[in-house]
Amino acid sequence: MTAVPESTGVLVVGAGPAGLSLAASLRQKGVDAVLLDRAAEGANTSRAAVVHARTLEALREIEATGELVERGIIVPRFTVRERDRVLLTVEFGDLPTDFPYTLLVPQNVTEEILLGRLHAAGGLVHRPSEVTDLAQDEDGVTATLASGERIRAAYAVGTDGMHSTVREHTGIAFEGDAYPQSFILADVHLDWAGGSEEVMLFFSSEGVTVVAPLPGGRHRIVATVEEAPQDPTAADVQALLDARGPRRQPALIKDVVWSSRFRVHHRLAARYRAGRVFLAGDSAHVHSPAGGQGMNTGIQDALNLAGKLAAVLGDGAPDSVLDEYEAERRPVAEQVVSFTDKMTNVATLGGPVLRGVRNTLLRTLDWIPAVHRTMAMNLSELSTDPARR
């Protein structure tokens with residue numbers, strides 16, 4: 001455990017992808033930033049595994065993109081399916097970007113790369129350092145840690161997740177609800193004919209199931225279920241694929257590398273700023289994993305905010321510049337929460353009549369190029385870039 005400095009320019013609480021990106025960017029820009037995390041060590045599981053084009057563009061700022069691409073799998077398309085029938089195909093190849101694809105890379109690898117960029121900029125993560133109190137005045141923010149240490153900062157940013165201590169101490173409401181279903185998350189080795197060229201979303205009345213390739217010959221399975229077992233087994237995942245996956249060439253689970261269960265909320269912070277305290281990443285928004293956009297939106301939040309904090313602290317810009325962060329990023333999260341919620345609801349329609357109507361509509365839309373482009377722009381989050389709207 002390293003001693004926490006008594007003061008800094010920006011205090012960042014939470015060392016997930018958003019916090020690491022924020023701290024690395026600030027330090028590269030010459031702003032003193034201290035990153036705290038209450039966990040004794042960083043993530044060692046794959047969790048969020050999709051990095052979209054807009055995020056790869058943004059991460060060039062801290063020189064993380066090249067290594068991410070080298071260590072991930074390039075996937076050029078998403079398909080929406082019901083069993084063996086393809087309902088809709090989303091191709092990324094024609095996107096207006098240097099990264100016309102989706103990158104599949106485990107979150108622990110992403111965090112390892114981002115941590116490397118932080119270290120290269122002279123920063124580190126102070127672990128375990130739990131913030132128990134946060135107070136602010138006209139001149140700055142004071143955080144009290146469980147150890148009794150205190151740190152003073154000009155500004156503080158909460159990137160400490162859905163149950164954010166920073167957000168709770170600001171009194172900012174986290175508006176929304178939870179999905180009734182729970183989710184199974186598993187990294188597996190499997191035999192199947194799907195290959196590694198696409199992410200497949202299987203729709204069924206029981207829930208949505210995502211199958212995506214990962215480096216090292218693994219696949220990621222994400223599925224909604226009524227009540228997920230605490231530690232999903234190979235038999236649990238096999239049962240899901242048998243009930244929802246391809247029939248003509250069924251998938252066979254060989255083993256489970258890692259698995260978990262979780263519940264998902266769709267929530268959005270009422271504000272992103274309270275005086276000298278800001279929210280980014282899962283502290284500010286959480287939503288369905290459909291489309292794999294949560295981590296991406298959070299990283300983009302962090303890099304946007306880093307630029308504005310550096311302008312104020314390093315370049316003498318007025319504090320009012322920081323108000324632009326919420327104005328620019330909250331509508332993006334609002335759009336992502338709405339988009340993923342609609343995807344989840346459409347995927348889980350009950351009743352054969354409604355599913356038949358949905359499937360017919362999706363197959364019809366599959367013939368319309370503008371629909372393909374809109375879906376690709378939304379999934380890649382390039383639609384959030386004002387220059388491309």
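**Salt bridges and strands: a quick chat**

Colleague: Are Asp-301 and Arg-329 buried or exposed?
Modeller: Asp-301 is buried, and Arg-329 is too. Buried means under 20% relative accessible area, exposed means over 50%, and partly exposed is in between (1.4 Å probe, protein chains only).

Colleague: Okay, and where do these values come from?
Modeller: This is a predicted model, so local features need pLDDT of at least 70 and side-chain atom pairs count only at pLDDT 80 or more, while totals for chains, interfaces and linings use all residues. Side-chain values use heavy atoms, with hydrogens and water left out, and residues are numbered from 1 along each chain as its sequence is written.

Colleague: What does Asp-301 form with Arg-329?
Modeller: A salt bridge, with the closest N and O atoms 2.8 Å apart. The term means a side-chain nitrogen of Lys or Arg within 4 Å of a carboxyl oxygen of Asp or Glu. Asp-301 sits in helix α7 (residues 294-315) and Arg-329 in helix α8 (residues 323-347), so the pair ties together parts that are 28 residues apart in sequence.

Colleague: How do you decide what's a helix or a strand?
Modeller: They're DSSP runs, numbered from the N terminus: H or I over at least four residues for helices, E over at least two for strands.

Colleague: How many salt bridges are there by that rule?
Modeller: The count comes to 19. One of them joins the side chains of Asp-187 and Arg-220, at 2.7 Å from N to O. That pair links distant parts of the chain, with Asp-187 in strand β12 (residues 174-191) and Arg-220 in strand β15 (residues 218-225), 33 residues apart. Both Asp-187 and Arg-220 are buried.

Colleague: What about Glu-67 and Arg-71, how far apart are they in helix α3?
Modeller: Four residues, about one turn of the helix, which covers residues 65-71. Glu-67 is partly exposed at 36% relative accessible area, and Arg-71 is partly exposed at 32%.

Colleague: What lies between β5 and β6?
Modeller: Two residues, and the strands form a hairpin. Arg-83 in the turn has a positive phi of about 55 degrees.

Key
Pairing = 2+ DSSP bridges.
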